[in-house]
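This briefing sets out the architecture of a two-chain model for computational work. The structure is displayed first, and the notes follow by topic.

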Amino acid sequence: MIHFDNVTKVYANQNRPALDHVSVDVDKGEFVFLVGPSGSGKSTFLRLVLKEERPNSGAIHVAGKDLARLSNFKVPHLRRRIGCVFQDFRLLPNKNVYENVAFALEVIGKPRRFIRKVVPEVIELVGLEGKAHRMPDELSGGEQQRVAMARAFVNRPMILLADEPTGNIDPATSIGIMKVLDRINRTGTTVVMATHDAAIVDSMRKRVVELEDGKIVRDQSRGVYGQAY
Amino acid sequence: MRANFIFSEVWIGLRRNLTMTIAVIVTVAIAMALLGVGLMINAQVSRMKDFWSGRVEISTFLCKKDDPFAACKGSTGVDETQKQEIEAAIRALPQVENVTFENSATAYENFRTAYADNPVFVAAVQAEDMPESYQVKLKNPDEYVAVIDQLKAIKGVSNVVNHQAILDRFFGLLERLRWAALVVAGILVVSAFLLIGNTVRLSAYNRRRETGIMRLVGASNLYIQLPFVMEGVIAGLLGGVVAAVLLIISKVFLFESMAAYLAANSQLEWNDVAGVITLTMIIGVVICVIASFFTLRRYLKV
């Protein structure tokens, strides 16, 4: 599903690479934690998958597409197959829960009948039934992140990228968020989650890829956050 | 593509940037109105040139008895043989196409019709006060300068009046007006361009959350950019409508009052005005679209 082959990314005006000859494979339906300290290259990895950045060398394949050969014109179609969740939720403050989720479908031109059908389903999937008409500022952080997940998942993407989704949320609420991610993963969606949260990684027992200074230092199935020898 | 979604986005964008939108509309309106006035003057001049080019003549007046003109000093009026000599001299000039004689009575008739609304003036002049003249038509009306000197040199000629020279002065004035209008219009087009660029940039900044999410969920570039371009188009169209009103006003109050001094059928027609309005509207909208696209390419990277 995601295939990195010897990928190096150096940002302009920086001499240290953000990713340094990284090769990794993520299969369809996998759940992968991307761990490592700040600046270790986790976000760069996610941005490369979305083709928001281009690698300086190496090849990236996402959903069977060679990103180097993907024209700018087709990048939006790639992104329709990838859902994204962020630490800061990125909801539209002047739209309610339903409208925020529906927005993702409206802007890719889905018919209204389809939107009316799938949006309530997804709102229920993330556990926000009955709150469709709340505004984002009337929701807790955990609930806002659920809205963001609903929006990321509403178009049934093949891949869900989560960049520290529990970074702004207390540990008790985080468990609920992880349950939703797990539920999404069980529908067959590949999930890649960058995180600092050791407790979550340890409790989930999923594959862990650890980055340090842009290099993969550990790739373990059913791993934990810290070094486990 | 969902039109009502796009239009609600456009409406939100225009409302959030109301002051900038008004600035764009006013600038586009004035720029297009001036451009339109320039084009209308152009149309007016070409109509007048068409009308006059077949009619321009040089009036060569003949001396009367006790004529005050210096060239006629001591003259007792021109008799028939002298008239024939003068006509022959005029016809001998290579630039001349045709010569017609106008006697006092005809001149008086023309004078009466020209000043029909001024009876006091008409009453003060007698038929015998009117000078006889030869109306000289040139093959090429622009070659009048040399001809006039030669005509003046003929004995028995009191004065030479060239209608072309009067027209040229008038056309020259119109030409300068047109250029002034076009230069100011050009400057305003540049400022309209920059203003639209700024408005779109502000709009893009105001909506960076929305556009960020749109990019993330895979909205196509067209879908992301269309609301911004439409904002420019609508501002341009509104500016064009205001410009059209200004042009109609200028047609009624400027060109029609000017037409009172001109020959009747050399007037600017309404379909000239319609053509100018259509053209300025198209130019206004095109400027807005181009300015929006240029700005978006810089501030809304995919």
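In which strand of chain A is A:Asn6 found? A:Asn6 is found in strand 1 (residues 2-9) of chain A, where helices (H or I, at least four residues) and strands (E, at least two) are DSSP runs numbered from the N terminus.

This is a predicted model, in which local features need pLDDT of at least 70 and side-chain atom pairs count only at pLDDT 80 or more, while totals for chains, interfaces and linings use all residues. Residues are numbered from 1 along each chain as its sequence is written, and chains are lettered from A and ligands numbered from 1 in the order in which they are written.

**Overall form of chain A**

- Chain A contains 7 helices and 10 strands.
- The radius of gyration of chain A, taken over C-alpha atoms, is 17 Å; this agrees with the value near 17 Å for a compact globule of 229 residues, the rule being 2.2 Å times the number of residues to the power 0.38.
- The C-alpha trace of chain A spans about 45 × 40 × 35 Å along its principal axes.
- Buried residues make up 43% of the 229 in chain A; a residue is buried if 20 or more other C-beta atoms lie within 10 Å of its own, exposed if 12 or fewer, and partly exposed in between, with C-beta atoms placed from the backbone.
- Of the contacts in chain A between residues at least 6 apart in sequence, 68% join residues at least 24 apart; two residues are in contact if their C-beta atoms, placed from the backbone, lie within 7 Å.

**Backbone exceptions in chain A**

- Most residues other than glycine have a negative phi.
- A:Asn6, although not a glycine, has a positive phi of about 55°, and A:Asn6 is exposed, with 12 other C-beta atoms within 10 Å.
- A:Glu164 is likewise not a glycine and has a positive phi of about 50°. A:Glu164 is found in the loop between strand 7 (159-163) and helix 6 (171-186) of chain A, and counts as buried with 20 C-beta neighbours inside 10 Å.

**Parallel strands of chain A**

- In strand 6 (residues 82-86) of chain A, 4 of the 5 residues are buried, so this strand is largely enclosed by the rest of the structure.
- Strand 6 of chain A runs parallel to strand 7 of chain A, and 5 bridges join them; two strands pair if DSSP finds at least two bridges between them. A:Val85 stands opposite A:Ala162 in strand 7 of chain A.
- Strand 7 of chain A also pairs in the parallel sense with strand 8 of chain A over 5 bridges, and A:Asp163 has A:Ala194 as its bridge partner in strand 8 of chain A.
- Strand 3 (residues 31-35) of chain A is joined to strand 8 of chain A by 5 bridges, again in parallel. Here the bridge partner of A:Leu34 is A:Ala194.
- For strand 8 (residues 190-195) of chain A, 6 of the 6 residues are buried, so this strand is largely enclosed by the rest of the structure. A:Thr190, A:Val192 and A:Ala194 point one way, and A:Val191, A:Met193 and A:Thr195 the other way.

**Nonpolar cores**

- The largest nonpolar core has 72 residues; such a core is a set of buried Ala, Val, Leu, Ile, Met, Phe, Trp, Tyr and Cys residues joined through C-beta atoms within 7 Å. Among the residues with the most contacts inside this core are A:Leu34, A:Ile123 and A:Val192.
- Helix 3 (residues 97-106) of chain A gives the most to this core, with 7 residues.
- A second, separate core of 44 residues includes B:Ile25, B:Leu35, B:Ala185 and B:Ala244.

**Sheet of chain B**

- Chain B has an open sheet of 4 strands in the order 2-3-1-4, with antiparallel pairing.
- Strand 2 (96-102) and strand 4 (157-162) of chain B stand at the edges with a single partner strand each, so one side of each is left without a neighbour in the sheet.
- Strand 1 (residues 58-62) of chain B pairs with strand 4 of chain B over 5 bridges in the antiparallel sense, and B:Val161 is the bridge partner of B:Ser59.

**Interface between the chains**

- In all, 15 residues of chain B are in contact with 16 residues of chain A.
- Helix 8 (residues 208-216) of chain B supplies the largest share of the side of chain B that touches chain A, 6 residues.
- Buried residues in helix 8 of chain B include B:Ile213, B:Met214 and B:Leu216, and just after this helix B:Gly218 takes a positive phi of about 90°.
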